Amino acid sequence: MYTGPTSTTQGITLERHILERQLSIPGATGDFTGLFQQIALAAKLINSRVRSAGLAGVLGLTGDTNVQGEEVTKLDIFANNVLVRSVEAGGHLCVMASEENEGIIPIPDRFATGKYVLMFDPLDGSSNIDVDINIGTIFSIHRRLTTGRHGGEADCLQRGASQVAAGYVIYGSSTVLVYTAGQGVHGFTLDPAVGEFFLSHENIRIPTKGKIYSVNEGNTYLWSEGVRRWVEGMKTPGPDGKPYSARYVGSLVADFHRTLLKGGVFAYPADQKNPQGKLRLLYEAAPMAMLAEAAGGAASEGSRRVMEVVPTSLHQRVPLYIGSSEDVAAAERLLRET
Ligand code: AHM
Ligand code: MG
């Protein structure tokens, strides 16, 4: 479990951390470091706008709906545009996809293209913006599959297990960027005075079993018998005489961040209204699954790893059980038995 910053982590910037890891990879070109710098820049810009949202007059809804049929907030659009603008010119990407865009986002012809694919949810939990609850940005990076100047949808429709990196930024009581490139999960806290992310959570490990469950219980009437029994089990005192505690923010980034640091399980099960689950595989579930597994935890869609699910469409949804490995295994066991 994360126990706080140590003196050895002080003063290490996100850029230096990624650069040092890249230097250890033979043949690395610096592309990955460059892409990350641009993502970090976007995170700082989004953070600045989130922090002053009321003052800047960007709270509220635009009146439009996005491809998921949900109301789009002004900050959603801002965050989406900032991310696209920050990364499109770097020459590291061949294509992008966003939760806010129906189709792929091509790299404009005037810019060079590169070997990576970036997918993101620019502002996750956006229904929480107007009530000052934590929100976040989630991202997922793959290597391209296609050849040719521009990438296409096929480059985006890859299994989570093929991700080269994934991460999120939480705009919470502080702003923290958490990423994995396969070797450990690391968190960096933004120092607003200098505008730099500094290593604050080195090598995060999820406890193998936690004490918190996180699920929208208002959906109980829509759940299968198995899901109901699993949640009932959470509320039944265990051998230590205590049940699990319930925590549900309703922002995946916030609920996942807590789960990563403290252990336990977050779930968004399939239900009668959302038979495939609610969360999007490419922009939400797969990147969080990579982070969970890299921290020693697990992520399941009920019977198999989320990382193994093969996407067939950009906005595909998937049920999600994620967190401490024993808690996720217990959920899988109950779902299998019922
Ligand atoms: P968003 O990406 O449109 O903000 O929606 C995804 C959010 C997640 O952050 C969160 O886990 C979930 O939707 C909450 O859904 P619900 O309100 O149904 O509990
Ligand atoms: Mg989202």
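A salt bridge here is a side-chain nitrogen of Lys or Arg within 4 Å of a carboxyl oxygen of Asp or Glu. Lys-115 and Asp-31 make one, with their closest N and O atoms 3.4 Å apart. Welcome to a predicted model, in which local features need pLDDT of at least 70, side-chain atom pairs count only at pLDDT 80 or more, and totals for chains, interfaces and linings use all residues. Residues are numbered from 1 along each chain as its sequence is written, and side-chain values use heavy atoms, with hydrogens and water left out.

**Overall shape**

- The chain has nine helices and 15 strands, where helices (H or I, at least four residues) and strands (E, at least two) are DSSP runs numbered from the N terminus.
- The radius of gyration, taken over C-alpha atoms, is 19 Å, close to the 20 Å that the globule rule gives for 338 residues, so the chain is as compact as a globular protein of that length.
- That globule rule is 2.2 Å times the number of residues to the power 0.38.
- Along its principal axes, the C-alpha trace spans about 60 × 45 × 45 Å.

**Two domains**

- An automatic or database domain assignment sets the bounds, giving domain 1 (14–201) and domain 2 (212–337).
- The C-alpha centres of the two domains lie 23 Å apart.

**Where the domains meet**

- In domain 1, 48 residues are in contact with 32 residues of domain 2, contact meaning heavy atoms within 4.5 Å.
- Domain 1 and domain 2 bury about 2,900 Å² between them, 65% of it on carbon and sulfur atoms; buried area is the accessible area (1.4 Å probe) that two parts lose on being put together, summed over both.
- Leu-157, Arg-159 and Tyr-168 supply 20% of the area that domain 1 buries against domain 2, more than any other three residues.

**Salt bridges**

- The count between domain 1 and domain 2 is two salt bridges.
- Counted by the salt-bridge rule, the total comes to 12.
- Returning to the opening pair, Lys-115 sits in the loop between β4 (105–106) and β5 and Asp-31 in helix α2 (residues 31–51), so the pair ties together parts that are 84 residues apart in sequence.

Methods: Chains lettered and ligands numbered in written order.
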